[in-house]
Amino acid sequence: MSTEKQQISIKIMITLGIINQLTDSWLNKALAPIGINQSQFNLLNHFSHQPEREQTISQLAQVMQMNQPGITKVINKLAKDGLIEI
């Protein structure tokens, strides 16, 4: 890869990193008043596309790119809060 292309690639990665950081910060602030975090929001959003579809923890971990204990924790919290049914 040429030096010019490398520099452009680096600038793109830095810009994407900044966008990601700002978006995460904004989303966390927006979700705080309703008492959920970004992982919970992402999982609820996932479920909203096919609300009747049953999924295992393993399936969710794979699609959400999280480990199984992390998914289990999020699922248990959402169920405790009455936002999903197990």
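Trainee: Let's start at Lys77. Is Lys77 buried, exposed or partly exposed?
Mentor: Lys77 is partly exposed, with a relative accessible area of 32%. Buried means under 20%, exposed over 50%, and partly exposed in between, using a 1.4 Å probe and protein chains only. Keep in mind that this is a predicted model: local features need pLDDT of at least 70, side-chain atom pairs count only at pLDDT 80 or more, and totals for chains, interfaces and linings use all residues. Residues are numbered from 1 along each chain as its sequence is written, and side-chain values use heavy atoms, with hydrogens and water left out.

Trainee: Thanks! What does the side chain of Lys77 meet in a salt bridge?
Mentor: The side chain of Asp81, at 2.6 Å from N to O. A salt bridge here is a side-chain nitrogen of Lys or Arg within 4 Å of a carboxyl oxygen of Asp or Glu. Asp81 is partly exposed too, at 36%.

Trainee: And how many salt bridges does the whole structure have?
Mentor: The search finds 1.

Trainee: Switching to the inside: which residues make up the largest nonpolar core?
Mentor: There are 9: Leu43, Phe47, Leu60, Ala61, Ile71, Val74, Ile75, Leu78 and Ile84. Such a core is a set of buried Ala, Val, Leu, Ile, Met, Phe, Trp, Tyr and Cys residues joined through side-chain atoms within 4.5 Å. Helix 2, helix 3 and helix 4 (68–80) each give two or more residues to this core, and helix 4 has the largest share, with 4. Helices are DSSP runs of H or I, at least four residues, numbered from the N terminus.

Trainee: What does Ile71 touch, leaving out residues up to four places away in sequence?
Mentor: Leu43, Ile57, Leu60, Ala61, Met64 and Met66; contact means heavy atoms within 4.5 Å.

Trainee: Where is Gln55?
Mentor: Gln55 lies in the loop between helix 2 (38–49) and helix 3 (57–64). Its side chain makes a polar contact of 3.0 Å with the side chain of His46. For a polar contact, N or O atoms sit within 3.5 Å; within protein, one must be able to donate a hydrogen and the other to accept it, and residues adjacent in sequence count only if both atoms are side-chain atoms.

Trainee: What about the phi of Gln65?
Mentor: Gln65 has a positive phi of about 55 degrees, although it is not a glycine. Gln65 sits in the loop between helix 3 and helix 4 and is exposed, at 74%.
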